[in-house]
Amino acid sequence: MIFVDGAPVCTDSSSSCSQGHDILTDLMKHPVLVSASSSFNDVAERKFSVSKDSSSGISRHNRWVYIFQREYATVDPALVDVVGMDEATTCVGLVIRNQNSGMTSVAHLDSPDVVDIGLAQMLAFVVNQSSDAMLDVHLIGGFDDASPEHVNGITESHGKLEGYSFPLCKKIVDSLAKSNMKFQIHTLHVLGHNTRRDSEGIAYPIFTGFLAETATGSIIPANFDATTRCPDEVVRRIRVSASFEDPSWKGRLLETYDTQTDQFVIAPCTWSMRKMHIALMLQNLSDQEILLTCSTSPSAEAPDFVDNQRRQWDYLIQHPDWSETFPFKKPRIFQRAEDKSWVRHQAKSSSSSYPYAD
């Protein structure tokens, strides 16, 4: 069930208001959410880094958790100060926070196919045994990538004309509305609310990331640098595409972080030798060809998009067998060191030669 400003948005499950499209349309026009989105636009984007340099708006937090595409993490405010994500153009960042406990879950959703099970994964620790608790919700990302024809009235049946963001937002809202849980939506900074256009009418996202402060529940626009997109960046990026080949991850978000132990437990993912052959082929493409081939929004990607792709392909070419990365199909575990950085935990039976990717 969805609430805005304390009032239920839709209570009649048998009416047309139970359909994701209608609920999303109503929410996008809701004056409280329109105002909240306008205010969110006015917040300065925070550059998140572990650098000690405090100039130029750079922020440093001791305990953070970063989420890549198709991942989620539920964090305890007693253990984590900040949880966040970025690089979301047509993806949507979903935040769910228990008002009573402060337990906060963040997911980087990239497809309607992972929403239903993904929502259940997120709620497992957020709700605990208090199913009546009001859950604060924020949706950020998913800029308006629909074609002008769709905006002007072409229906959903026209396939790709509706873009990638709209079907994802619709599915998220539909799943929240159908749930027995109480979701209080505070931020709906997606689609038109998160879109700017240049002089030629080309659409771009206003923000592609955010951080959630676990103690207060505050959501702040943010982008992260290489020092904070960790640990195990390259392997975690590879899991996104590899999960499409691995049936054990069908419909699920990638397990990444252990809430109770405050450890990154990066669950194994398998891939075939086909990944290496594809990597060899893609490495021969120009930067522009990589953008057009590998992105759902080529004009909206960050400057490091191509480099991030090439680093994944380099890794796959060097380590084509997934069992080199996940020996015995065991997770890769990272523990928080005294200086709050992440250090890989090696079991006594492990070999130090296992590949490690920062």
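pLDDT is the predictor's confidence in each residue, on a scale from 0 to 100. Everything below comes from a predicted model, where local features need a pLDDT of at least 70 and side-chain atom pairs count only at 80 or more, while totals for chains, interfaces and linings use all residues. Residues are numbered from 1 along each chain as its sequence is written, and side-chain values use heavy atoms, with hydrogens and water left out.

**View 1. The whole chain, with its confidence.**
The protein chain averages a pLDDT of 88, and 85% of the residues score at least 70. Take care with residues 54-58, where pLDDT stays under 50 and the model has five contacts beyond four places in sequence (a contact means heavy atoms within 4.5 Å). Residues 349-358 are also below 50, and this stretch has 25 contacts beyond near neighbours in sequence. The secondary structure comes to ten helices and 19 strands; these are DSSP runs, numbered from the N terminus, with helices (H or I) of at least four residues and strands (E) of at least two. Of the 358 residues, 52% are buried, where buried means under 20% relative accessible area, exposed means over 50%, and partly exposed is in between (1.4 Å probe, protein chains only). The chain exposes about 16,200 Å², with carbon and sulfur atoms supplying 51% of it; accessible areas come from the Shrake-Rupley method with a 1.4 Å probe, and for residues only the protein chains shown count as cover. Among contacts between residues at least 6 apart in sequence, 69% join residues at least 24 apart.

**View 2. Strand 14 and its two partners.**
Strand 14 (residues 210-213) is covered on both faces: Phe210 and Ala212 are buried on one side, Leu211 and Glu213 on the other. In a regular strand the side chains alternate between the two faces of the sheet. Strand 7 (residues 82-85) runs antiparallel to strand 14, joined by four bridges; two strands pair if DSSP finds at least two bridges between them. Strand 15 (residues 219-224) also pairs with strand 14 in the antiparallel sense, over three bridges. Look at Phe210: Met85 stands opposite it, and in strand 15 its bridge partner is Pro221. Ala212, in turn, stands opposite Ile219 of strand 15. The hairpin of strands 14 and 15 has five residues between the strands, and there Gly217 takes a positive phi near 85°.

**View 3. Strand 15 and its parallel neighbour.**
Five of the six residues in strand 15 are buried, so call it mostly covered. Strand 3 (residues 46-48) pairs with strand 15 in the parallel sense, over three bridges. Here Phe48 has Phe224 as its bridge partner.

**View 4. Glu71, tucked into a loop.**
Glu71 is in the loop between strand 5 (64-67) and strand 6 (72-75). Buried or exposed? With a relative accessibility of 0%, Glu71 counts as buried. A polar atom of the Glu71 side chain lies 2.9 Å from the backbone nitrogen of Phe68. Leaving out residues up to four places away in sequence, Glu71 touches residues including Tyr66, His108, Arg236 and Leu254.

**View 5. Leu254 and helix 6.**
Leu254 is in the loop between helix 6 (233-242) and strand 16 (257-258), and is buried at a relative accessible area of 0%. Its C-alpha atom is 6.0 Å from that of Arg70, although the two residues are 184 apart along the chain. Helix 6 itself is mostly covered, with nine of its ten residues buried. What covers those buried residues includes strand 5, strand 17 (263-266), helix 7 (274-282) and helix 9 (305-318).

Note on methods:
Polar contact = N/O pair within 3.5 Å; in protein donor to acceptor, adjacent residues only side chain to side chain.
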